[in-house]
Amino acid sequence: MSLLITAFGRFDGGPNCSERLIGRLTRDRRALAALWDGPVAFATFEVDSEMVEAAFAEAVAKARPTHVLLTGQAASRETLALERVAVNRRDLGVPDARGRTGFIGPVRDNGPDRRAATWPDLNGAAAAVSAEGVPAAVSDDAGTHLCNQTLYLALEAGPRADPAFVATFLHLPLLPEQIEAQIPQAVGRDGIAGMKLDDMARAVRAFLVHTRRATRRRQKTHHNESLA
């Protein structure tokens, strides 16, 4: 299994916690690859609604992943959220890097209204992460900004990239230091504690371990059934 983990760069005039997380995971690439038992690649995208499709396609062509874990910042969330639905709509409540805002149109003209995340057993993965002491849940609302757009594009591209290709999106709460610095996304969000970077990294590791084990169990079951 090969893995691609993605993040976004600066957002709404402030740093993006997903980029910080990617930095941490990249430093631990060797250990992460050993844990995953396969190659791990990383990519960071500019928050640009018109350019992200090409950037994503380039990252997939380079990494040739079977699994894509997209990550991004969600200032309104207090727990990790594993997204299982993407909608065919681009409606930016906050400007992207080029100043685009408001309703832009569909992600894909004439595309389906919704696409379902293909990463297996998201409920079990959320439970595994929560069992490590990092609160996580499955979500059916990825928004209508670039997080949703990129998930929609990933789910569209999957069957063409690899028959085994699966994808989901992990939404991240703000970091405590982002809240303390009162970056634009933190203004007006009194009472939100945020989530430490160490906890985010630990959650990703638990998520990947669960997926690897679940995949091996399914492969073993299929093998045994084929011999029966």
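Q: How do the residues of the lining of the second largest pocket divide into nonpolar, polar and charged?
A: Eight are nonpolar, one is polar and two are charged. Here Ala, Val, Leu, Ile, Met, Phe, Trp, Tyr, Cys and Pro count as nonpolar, Asp, Glu, Lys and Arg as charged, and the others, Gly among them, as polar. The model is predicted: local features need pLDDT of at least 70, side-chain atom pairs count only at pLDDT 80 or more, and totals for chains, interfaces and linings use all residues. Residues are numbered from 1 along each chain as its sequence is written, and side-chain values use heavy atoms, leaving out hydrogens and water.

Q: Which elements each supply at least two residues of that lining?
A: Strand 2 (40-45) and helix 3 (52-63) do so; strands (E, at least two residues) and helices (H or I, at least four) are DSSP runs, numbered from the N terminus. Among the lining residues are Leu 4, Phe 42, Glu 58 and Lys 62.

Q: How much space lies in the largest pocket?
A: Rolling a probe the size of a water molecule over the atoms shows where empty space is left. In this model, about 420 Å³ of space lies in the largest pocket. Of its 23 lining residues, the closest to the centre are Phe 11, Gln 73, Ala 74, His 145 and His 171. A pocket is an open set of points on a 1 Å grid over the protein atoms alone where a 1.4 Å probe fits, with protein on both sides within 12 Å along at least five of seven lines; lining residues have an atom within 4 Å of a point. A volume is the space filled by probe spheres set on the points, which are joined across faces, edges and corners.
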